[in-house]
Amino acid sequence: MRLEKYRIDQHNSELDDKHQKRISFFLEENTSAKNIIQKLVDFQIAIPSWALGTGGTRFGRFSGGGEPRNLEDKLMDIGLLHQLNGSSGAVSLHIPWDIPSDAEKIKNLAGSLNLKFDAMNSNTFQDQAAQEFSYKFGSLQHVDENVRRQAIEHNIEVIKHGEALGSKSLTVWLADGSCFPGQLNFREAFQRTLDSLREIYAALPTDWKIFVEYKAYEPNFYSTTVGDWGQSLLYATKLGEKAFTLVDLGHHLPNANIEQIVSLLLMEGKLGGFHFNDSKYGDDDLTAGSLKPYQLFLIFNELVEGMDARGMNHATDLGWMIDASHNVKDPLEDLLQSVEAIMMAYAQSLLVDRTALKAAQQVHDVALCQEILQHAHRTDVRPLVAEARLRAGAALDPIALFRTLDVRKKLIDERGLKTVATGL
Ligand code: LRH
Ligand code: MN
């Protein structure tokens, strides 16, 4: 559903008094903040096409109804998110879950919703009905040339879909690995995977990038052939200048220092992008910032420091994407909360007094270093992020407006209770 502009204006006018008080106080308190607002307006986060329905686990799936029935419905839902927060102006498609049957029609619909196509995602971790060779024992790593060929061809097909939509990058996440010691020759698996990725790399259009997404475990539980940042960096370095690593926050072993990994990948010029989410234990794919908001801030703190050190454009030079799954929340509310948490972490990281931090680091004033960082993290930047939404023509309080307009009920009326979205 498309929101009529007057609905957003009406919502904002009701909240404007309170907002103006908050933002003027904030800007008085944080004089450097006014030139942060445009950066927030420009910062767009891609919404995963596979996370607009209810997720589930092997133990069960509890749909909330009104789920998108096809890619058109999914684009309408992302368009709605973008109208509400002004920061969701891109979609990341997963193939074959979301094959654009009529690319031109899909491209025009996305354009009419002010949506761009971010990274395309291939899928060689599931067997499709008409598939000749199974991926049970892997895809690009597989000992059987036929299976590798099939997986390479699939990735090249995904690139073609992306070209037709105006996407400029391909994310390759491989479930490949092993479940038991002795099952796999690690060196040969790495070499076959690299050779297969080289063929996919060779098929990339000149202005495209390939993101190699790593993951510690699941669905394989003994080894994963792209298992951590080091292995992903090895592949990306051996592949060439169009290859980068992709950091999914949920793909690390417990207590990994993700902000340090990010800092080093950025230093090497091999950080391609992110799949934002949060987790307590494994790849839980929970709402970004819902469990470890300080870690999300520390990651953005390294991103801003490292991107500025390389003169990178914050909004365009990395892939900002969400990868989440919604087992108990309304998918659209969950995504609104993830975008809000990411925007807040970015805003706080822009408030860090880097000159003072550098000076304190030089003299090992450890306590002051922490004070400088935590001052930024403890700053309530919600008025600043809301002001950026206002200037983008979006809603001051997206979730409140989502509920006031009873969007989920309208989607259920339009689509029914039983529709099931493709995806996880
Ligand atoms: C793997 C992953 C990958 C996607 C999938 C939906 O865990 O993070 O990015 O392909 O989720
Ligand atoms: Mn991911």
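This is a predicted model: local features need pLDDT of at least 70, side-chain atom pairs count only at pLDDT 80 or more; totals for chains, interfaces and linings use all residues.
## Glu 387 and Arg 391

Glu 387 is buried, at 9% relative accessible area. Its salt-bridge partner is Arg 391, with 2.7 Å between the closest N and O atoms.

In total, the structure holds 24 salt bridges.

## Lys 5 and Asp 9

Over in helix α1 (residues 5-29), Lys 5 and Asp 9 are again a pair four residues apart, separated by about one helical turn. Their side chains meet in a salt bridge, 2.8 Å from N to O.

How accessible are the two ends? Asp 9 is partly exposed, at 39% relative accessible area, and Lys 5 is partly exposed too, at 48%.

## Asp 77 and Arg 415

Here's a pair that reaches across the sequence. Asp 77 and Arg 415 form a side-chain salt bridge of 2.9 Å, N to O. Asp 77 sits in helix α3 (residues 71-85) and Arg 415 in helix α15 (residues 407-415), so the contact ties together parts that are 338 residues apart in sequence. Both Asp 77 and Arg 415 are buried.

Definitions and conventions
Residues are numbered from 1 along each chain as its sequence is written. Chains are lettered from A and ligands numbered from 1 in the order in which they are written. Side-chain values use heavy atoms; hydrogens and water are left out. A salt bridge is a side-chain nitrogen of Lys or Arg within 4 Å of a carboxyl oxygen of Asp or Glu. Helices (H or I, at least four residues) and strands (E, at least two) are DSSP runs, numbered from the N terminus. Buried means under 20% relative accessible area, exposed over 50%, partly exposed in between (1.4 Å probe, protein chains only).
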